[in-house]
Amino acid sequence: MRIKRNSIRDHSAESELVMRRTIAVFVAILFAIGILITNLYYLQISSFNNYKTRSNDNRISVQTIAPNRGLIYDRNGVVLAENRSVYSLQVIVRNTKTLQDDIKRLTSLLSLTETELLNFKNNNRNSRSFKPITIRDQLTPEDVALFTVNRHHFKAFSIHASFKRYYPFGDAFTHVLGYIAKINSRDLEQIEKRGEEIRYRGTKYIGKLGIEKFYEDLLHGQPGQRQVEVDSWGKVIRTLDFTAPVPGKDLKLNIDIDLQLKAQSLLKDMRGSIILMEAKTGAILSLVSAPSYDPNLFVSGISQKQYQGLLKSKDRPLINRATQGRYPPASTIKPQMALLALDEKVITETTTIVDPGWWIVPNSKRRFRDWKAWGHGIVDVFHAIEQSCDTFFYETSYNLGIDRIEPFMRLFGFGEYSGLDIAEETKAIMPSRSWKKKRFKDPWYDGDTISVGIGQGYWTVTPIQLTKATAILSRRGNSIVPHLLKTISSATDSYSPVHESKQPIKLESDNYWNIALDAMQGVTSKRTGTAYKAFKGAKYTVAGKSGTAQVINIAEDETYDAEKINERHRDNAMFVAFAPFDSPEVVATVVLENAGGGSSHAAPIVRQLFDEYFKKSAPKAPATDF
Amino acid sequence: MLSPQSQRSIFNRLHLDPYLLLGLFALMAISLTVLYSVAGYPMVYRQIIRLVVALAAMFVIAQIPPEWYQRWAPAIYIGCILLLIAVLVIGHTGKGAQRWLDLGFTKFQPSEVMKLIMPLMVAYYVSEFTLPTRFRQAIVALLIVIVPTLLIAKQPDLGTSILVASSGIFVLFLSGISWVYIGIAFALILAFIPILWFFLMHDYQRGRVLTLLNPEADPLGAGYHIIQSKIAIGSGGFWGKGWQQGTQSQLEFLPERHTDFIFSVFSEEFGFVGVLLLLSIYLLIIGRGLWIANQAQDAFTKLIAGSIILTFFVYVFVNIGMVSGLLPVVGVPLPIVSFGGTSIVTLLAGFGILMSIQTHKRFNIKR
């Protein structure tokens, strides 16, 4: 068949036909290659810059390196907040072919828990194989040693070091330092509001409370940058450019570690607050609120159960009593009240009243009882302060009226923020007519003024306000701002403490200050003074004032019997003082919740604090003859 | 073209073609260079082994005179169809498609063999009759083409089935089929496209076409590969980033760097200059191939030579077209340069046939 067909074939015609087609094909091929080259020219020459940029965008990634947080020291240079190295065990799954076996051997070596294994499994599933996965956080030194010895069996595993905030004194400084914890969505909002997203990129922790929060800006530092080349998996190949982070500033506080620990030990098992402050500068030497809690719990993430425990505790450990505790000031404000009365000519140095143990509001039957049921007898302003005579101040405040009391007390900082450099502070309440109207939609009654006259009723203060007010007294009207920060320990920065912009309190006669302050010295030095016993034999002179605040109202005819009533309904004991009397150096405030009388419970604590303070400063201070 | 016995060169006696060999070795050198850049020595070593095997196959095939192929074409064609059916029944699944027959010692892809057999079979059939091919013969030839094409498309392997079909159709074209029929065929293909789209194509295949039309629509999904490939090519610029300096390829932004996307790697590292050189080499091979076709002594050899070289060009065009964003990504390697076993053996076997045609003419004349 084939032969037959071939025999009639015109080979040259066929050749020519196929050649024509071949030429057509060749032309088509040249045309197609032309299209390819045109397209490649467009990509590589015309659009070169565009693709070059996109290629660089692909491979170059900018990583933020979080700065190390500044440390916090006490005034002597003792570290109060540090960054400790912690070690975690990590694995890069890609680098091992025997993962299951490795994990099995590791489990027996470090006795990994079920939870750790489960977490690892989950993380492994959700992570890329070249990214390190943490198997155990916070290795113990034993873990580290065990692993290091057996390291050669675990090629893909490594120990990763990182810093973790640590507060070595635990609960002793919680209400001063606060703590840092993981940044949450609320913090993120704040960071965004301040426009600091870039600064916090890479930062995991942020100050949540206390100094850590207030000076977050100083402590945080500036992040560094690392420009790296990454592959398509995001794995870093090499570093192209590096800017080192600037660590946060170290802070030195005014707090004195010894005084702080002493104060903490004095408040052991009590609820209350102690503040010790330099009278001349406002430097806080010690600030304690009890009970406290361990801030380190919050750094590693407190469990819900632990947190609920703290939150629901009857003792309210989360409250900073020194700045947020609102207490009736009770008799501690009698010196200020006396000053106002003298300045307003309501009383004079020699004014006396007769105290039968009660006082009745004129034109009414309402009777206010003195703490001393049988009365103080004939009382002048000295006696009234030294022995804390209520009746004297009932009458005096009645004559003064709330409209004169309220603005004057504000000059001492009551009802105002103290200016202390932590954010957790309340203004408490300095009541006035307008305040009561707004709060209770009720007019102000004379009876309200009389309660205020002895620091009760609507009036509440915080221990830090009391401290500031006492300092202003000791400085004869010159205000100061209490502050915790002493210096920023960095070569280029110097810190100047905030200066009080408030005008000094001006009285008509300087002698009024003498009267009030002498009377306060009498409280501790006169045999009849309420705190005589507490300060007997002190090597320094002290001016003070006790306060015993009622927690519940006692009916007019009832007597107070501490033994009989519920512990939580017992009086708050308070004492404010400064020393030495002639040239005040230090101011103290002690508030003890439900402890009883101020002179008998709070004053002895002030004595011990002052003893400690003068013992410390004695060698340094020039010998003073008293 | 008569060459006296005394003038026969060493190449002619070995049944090798120096021009084709030069081009092929140049491509192999480029291949090994780029493979070393993206995959290091082990890959180069494996490729060398494959090249040696493929060159041996080429050499053996070049020794066999074209008459032998003509005689055995129908039998091999039918055997190959049976193997394709076997693949569908008992084949090995790789990457979601059944393409392999596991022979125990090696895996074997019958569709690759079909790439070679198809032009032989069609050429065998049409050269039974006088050229130009008539309508009736063309229909039969199309049936010869369609059966294996559908079997391969069913695996599913769209890229190979298109290549197999086109290698057969090229023979028909070269055999002088009337332009009228070609026009009608084009019209039919255009009409067939909607049917293909809605009834025959898999979702992933449709996705590839859509991605081609607008890769930026899904830059992290289906469009990712083509975008990264274009970035690689474009960022190569005129001179390229330099050997082993291609960030797109070295940092693994490019997919399939050593196989289908090897052209992108080459373009990134050697730039437009390198691309022009590479295309020149291809053009040299193609030109030489067409020259051989033109110089061949009978219709059968002319047709298969032309078809083999045209298919080779289609490889080049489809691969470069797809990695530079002109065509959908269909999984066609860059001939000779891409890493891959079966494909390179098939390709060089094809060149073996070309060389056989070029170097066995004397015997044809004698007959």
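Which residues does B:Lys230 touch, not counting residues up to four places away in sequence? They are A:Leu43, A:Tyr51, B:Ser324 and B:Gly325, where two residues are in contact if their C-beta atoms, placed from the backbone, lie within 7 Å.

## About the model

This is a predicted model, in which local features need pLDDT of at least 70 and side-chain atom pairs count only at pLDDT 80 or more, while totals for chains, interfaces and linings use all residues. Residues are numbered from 1 along each chain as its sequence is written, and chains are lettered from A and ligands numbered from 1 in the order in which they are written.

## The two chains

Chain A contains 25 helices and 20 strands. Helices (H or I, at least four residues) and strands (E, at least two) are DSSP runs, numbered from the N terminus. Chain A has 626 residues, and 40% of them are buried. A residue is buried if 20 or more other C-beta atoms, placed from the backbone, lie within 10 Å of its own, exposed if 12 or fewer, and partly exposed in between. Among contacts in chain A between residues at least 6 apart in sequence, 73% join residues at least 24 apart.

Chain B contains 15 helices and three strands. Of its 367 residues, 51% count as buried. For contacts in chain B with a separation of 6 or more, 70% are between residues 24 or more positions apart.

## Where the chains meet

The contact between the chains involves 37 residues of chain A and 42 residues of chain B. On the chain A side, α1 (2–7), α2 (11–46), α3 (48–59) and β8 (224–230) each supply at least two residues. The most come from α2(A), which gives 19 residues. By class, the chain A side has 19 nonpolar, eight polar and ten charged residues. Here Ala, Val, Leu, Ile, Met, Phe, Trp, Tyr, Cys and Pro count as nonpolar, Asp, Glu, Lys and Arg as charged, and the others, Gly among them, as polar.

## Helix α2 of chain A

α2(A) has 36 residues, and its first and last C-alpha atoms are 50 Å apart, close to the expected 52 Å. The expected span is 1.5 Å times one less than the number of residues. Its buried residues include A:Glu14, A:Arg21, A:Phe26 and A:Leu43. The cover over the buried residues of α2(A) includes α3 of chain A and, from chain B, α7, α10 (224–236), α12 (262–295) and α13 (299–323).

α2(A) packs against α12(B) at an angle of about 180 degrees, with the axes 11 Å apart. Axes are lines fitted to C-alpha atoms, for helices over the stretch in contact, and angles run from 0 to 180 degrees between N-to-C directions. The two helices are therefore roughly antiparallel; angles under 35 degrees count as roughly parallel, over 145 as roughly antiparallel, 65 to 115 as roughly perpendicular and the rest as oblique. Among the residues that meet are A:Phe26, A:Ile29 and A:Leu40 in α2(A), and B:Phe272, B:Leu279 and B:Leu283 in α12(B). The residues of this contact divide into 17 nonpolar, five polar and no charged.

B:Lys230 is found in α10 of chain B. It counts as buried because it has 23 C-beta neighbours inside 10 Å. B:Lys230 and B:Gly325 are 95 residues apart along the chain, yet their C-alpha atoms are separated by 6.9 Å.

In α13(B), 24 of the 25 residues are buried, so the helix is largely enclosed by the rest of the structure.

## Two helices within chain B

The axes of α5 (residues 110–126) and α7 (residues 158–174) of chain B come within 8 Å and cross at roughly 20 degrees. α5(B) and α7(B) are therefore roughly parallel to each other. The residues of their contact divide into eleven nonpolar, four polar and one charged.

## Backbone details in chain A

Most residues other than glycine have a negative phi, and most peptide bonds are trans. The peptide bond from A:Ala290 to A:Pro291 is cis, with omega near 0 degrees, and A:Pro291 lies in the loop between β12 (284–290) and α13 (296–299) of chain A. The bond from A:Ala579 to A:Pro580 is also cis, with omega near -15 degrees.

A:Arg476 has a positive phi, near 50 degrees. It counts as partly exposed, with 17 C-beta neighbours inside 10 Å.
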